[in-house]
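User: Could you walk me through how to read a model like this one, feature by feature? I would like the general idea and then the case at hand.

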Protein chains: 2
Amino acid sequence: MNKIRSAKRMDDIQPFHVMELLTRARQLEAEGRDIIHMEVGEPDFTTPEPIIQAGIEALQAGKTHYTPAAGIPELRQALSGFYQQRYGVKIDPARILITPGASGALLLATGVLLDIGDELIMADPGYPCNRNFTRFVEARARMVPVDADSGYQLTAEHVKQAWNAQTAGVLLASPANPTGTLVGAEQLKAIHQQVAAKGGSLIVDEIYHGLVYDSEAQTALAISDDIFVINSFSKYFNMTGWRLGWMVVPQAYIPLADKLAQNLFLAAPTLAQHAALACFEPETLAILEARRLEFQKRRDFLLPALRELGFDIPLTPEGAFYIYANCESVTDDSFSFSQELLEEAGVAVTPGLDFGHHRAAQHLRFAYTTSVERLAEGVERIRKFLEK
Amino acid sequence: MNKIRSAKRMDDIQPFHVMELLTRARQLEAEGRDIIHMEVGEPDFTTPEPIIQAGIEALQAGKTHYTPAAGIPELRQALSGFYQQRYGVKIDPARILITPGASGALLLATGVLLDIGDELIMADPGYPCNRNFTRFVEARARMVPVDADSGYQLTAEHVKQAWNAQTAGVLLASPANPTGTLVGAEQLKAIHQQVAAKGGSLIVDEIYHGLVYDSEAQTALAISDDIFVINSFSKYFNMTGWRLGWMVVPQAYIPLADKLAQNLFLAAPTLAQHAALACFEPETLAILEARRLEFQKRRDFLLPALRELGFDIPLTPEGAFYIYANCESVTDDSFSFSQELLEEAGVAVTPGLDFGHHRAAQHLRFAYTTSVERLAEGVERIRKFLEK
């Protein structure tokens with residue numbers, strides 16, 4: 001590439017390394033190779049039929065114009081009802097903004113809250129876009145290394161240590177990507193107290209809520225109404241391609257988030273909003289529950305299988321559809337390992353590098369977004385690869 | 001509102017004033033008043049039937065997963081074909097990135113190009129989000145006042161005068177919102193030359209292309225392949241609510257725009273991308289041509305009617321669906337005037353303030369996004385209102 005004029009932020013914002021791997025995987029598939037995909041960060045399930053049907057009806061009814069920037073009132077109301085029903089938490093629909101995916105919500109949250117040079121504390125490893133959204137608005141991600149001893153999550157002590165004059169707030173994710181771990185209720189309260197005492201903002205990413213296997217996850221909104229909660233129809237509701245999410249904001253931030261949404265997006269996709277009204281129907285929820293159990297079955301297969309192969313997974317991931325595995329016993333370079341595994345064994349996994357820098361070369365993320373049969377085949381191929 | 005912690009950019013990013021007017025208009029309608037909408041910035045037409053049908057088929061086929069960040073290859077290919085067919089210009093599909101609306105494209109363009117404090121030269125009046133996107137990434141909009149003598153467009157001379165050490169580039173829109181005017185081919189060449197000589201970037205917004213009434217509009221891509229061209233399926237293709245646009249970038253910027261899209265959006269809505277494949281079918285293009293003629297009919301009705309009422313409209317707007325009228329003969333405060341017009345006459349129009357500061361109080365934007373019958377009723381009501 002010739003030297004071109006571009007903003008400095010573009011030097012810091014990295015592409016997902018897994019995209020390169022994915023491109024290579026597709027090449028191999030085009031050449032006739034069979035590839036086991038354990039790198040894909042979206043449910044393999046198609047959107048449930050009742051939601052598709054609602055989408056078709058919305059199309060037939062000609063729902064093709066813009067909606068208000070914050071979304072259609074019916075959907076905001078439905079989400080409010082969902083918080084009441086699922087979590088027993090009362091949320092004013094006016095606080096719920098419908099966004100183009102959780103990505104849209106993250107852009108609004110960082111845009112509304114972060115000035116040049118402000119720091120947002122977040123866990124390393126973590127979802128890679130988080131630090132890039134922060135960089136995009138000229139703020140900084142303060143990456144705090146986390147390990148199994150804190151459930152790969154930030155603690156109040158981490159927050160205390162990392163806080164400085166530039167800190168504007170803290171971002172948590174529960175369940176987290178890539179580790180699948182939750183923030184415990186007590187720890188969440190302690191972090192919230194600390195952030196509130198400092199006058200900062202707490203953002204909690206709950207996009208994997210609903211996909212939790214060993215306990216009930218409570219929303220951070222149960223603790224306080226001054227927390228920014230980001231969620232999405234992508235993962236639990238299997239609506240990735242529709243690009244629909246939401247954010248619950250503290251009352252005083254409604255006008256700010258709304259005017260920023262007006263300017264940055266105009267509105268979330270209309271059709272997706274109408275289709276999503278079917279998410280809360282008993283029929284849809286039953287399908288989603290069956291799929292949740294299927295994810296659980298996959299986790300319960302893959303976790304011991306990976307451990308048996310020599311991967312060190314000190315904690316049972318309680319949610320999402322990822323297993324974050326220490327691969328030190330088989331390689332000291334997870335990035336090269338993932339490339340070799342693809343080329344030689346036809347198994348695609350995501351290298352730790354995509355989630356941060358802390359012990360990235362010693363970790364791989366396995367996604368169980370494919371059937372138990374395919375996972376079993378993947379495990380077999382890895383076993384043979386390691387035996388060589 | 002209590003004093004809350006928010007980023008400084010939020011003090012500078014303004015909501016659209018017309019939104020307040022729209023909210024009030026809806027209140028009045030809920031009370032039983034009939035309101036003529038001449039403020040709406042989207043076609044009144046529902047998306048053409050073949051596109052809706054393609055959307056339904058995509059849903060039935062279960063196209064609900066993420067697409068690549070730059071969009072599905074078939075749509076990028078189809079757009080390349082469209083440039084060839086309509087403009088006789090050859091564009092490598094790899095240079096065409098599918099985005100969530102033109103909004104997504106503007107976010108990518110400003111994000112890739114503008115550093116803190118960089119200036120982007122643009123016309124005042126102009127589309128209000130443009131300066132807000134610039135502000136969002138901590139750059140600055142250099143608003144250059146334009147008048148009828150330059151067709152409400154920037155000239156090479158304007159650009160020369162406005163250029164300084166902070167200038168990173170120029171943003172043009174053709175046809176422009178709110179004025180409906182085009183940038184002439186010679187002027188465009190001269191501006192491009194000037195920007196290229198300075199090592200800056202030229203961004204051209206062509207989202208109203210296709211809605212041009214007195215001539216054929218040529219794409220800026222015919223002049224050079226180092227121009228960033230932003231376009232959308234919203235206006236000409238009547239797909240506003242689907243949130244789908246695109247950007248053609250210079251070859252060297254493909255990886256930068258792609259990695260930023262990965263991080264900021266993941267991808268544009270899948271369903272919209274598949275539905276949009278039907279945009280280029282002869283049947284769809286025939287429907288769009290009929291609608292273009294309908295817009296022309298409306299313009300040709302509204303323009304003389306507004307002039308007769310005393311509004312000064314020195315130029316015939318050649319494209320889009322707006323008439324930007326000087327209202328000095330009837331008011332020296334277009335903002336209050338638009339409020340009174342709504343309350344007393346039941347006609348909604350957009351005050352100049354939404355498009356900048358240059359002579360904003362002396363201008364109103366009339367959108368002809370409603371039928372000739374409704375426009376005629378609106379004109380009648382304004383006539384009576386002015387006679388009081």
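**Reading a helix, a sheet and a contact**

Analyst: Let us start with a length check on helix H11 (residues 282–308) of chain A: at 1.5 Å a residue, its 27 residues should span 39 Å, and the end C-alpha atoms are 39 Å apart, which agrees. The expected span is 1.5 Å times one less than the number of residues. Helices (H or I, at least four residues) and strands (E, at least two) are DSSP runs, numbered from the N terminus. This is a predicted model, in which local features need pLDDT of at least 70 and side-chain atom pairs count only at pLDDT 80 or more, while totals for chains, interfaces and linings use all residues. Residues are numbered from 1 along each chain as its sequence is written, and chains are lettered from A and ligands numbered from 1 in the order in which they are written.

User: Which residues of H11(A) are buried?

Analyst: An α-helix has 3.6 residues a turn, so residues three or four places apart point the same way. In H11(A) the buried residues are A:Thr284, A:Leu288, A:Phe295, A:Arg298, A:Arg299, A:Leu302, A:Leu303 and A:Leu306. Buried means that 20 or more other C-beta atoms lie within 10 Å of the residue's own, exposed means 12 or fewer, and partly exposed is in between, with C-beta atoms placed from the backbone. Those buried residues pack against H3, strand E9 (322–326), strand E12 (363–367) and helix H13 (372–387) of chain A; contact here is C-beta atoms, placed from the backbone, within 7 Å. After H11(A) comes A:Gly310, with a positive phi near 110°.

User: In what order do the strands of the chain A sheet run?

Analyst: Pairing comes first: two strands pair if DSSP finds at least two bridges between them. In chain A, 7 strands make an open, mixed sheet in the order E2-E8-E7-E6-E5-E3-E4. Strand E2 (96–99) and strand E4 (140–145) of chain A are the edge strands, each pairing on one side only. From one strand to the next, the twist averages 25°. Helix H4 (residues 73–87) of chain A packs on this sheet, touching E2 and E8 of chain A, and its direction makes about 120° with that of E2(A). Such angles run from 0 to 180 degrees between N-to-C directions, with axes fitted to C-alpha atoms, for helices over the stretch in contact. Within the sheet, strand E7 (residues 228–232) and strand E8 (residues 245–248) of chain A run antiparallel, joined by 4 bridges, and A:Val229 stands opposite A:Val248 in E8(A).

User: Which backbone details deserve a look in the loops?

Analyst: A:Asp124 and A:Pro125 are joined by a cis peptide bond, with omega about 10°; A:Pro125 sits in the loop between strand E3 (119–124) and H6 of chain A. In chain B, a cis peptide bond likewise joins B:Asp124 and B:Pro125, with omega about 10°. A:Tyr152 is not a glycine, yet its phi is positive, about 55°. A:Tyr152 counts as buried because it has 23 C-beta neighbours inside 10 Å.

How values were computed:
Two residues are in contact if their C-beta atoms, placed from the backbone, lie within 7 Å.
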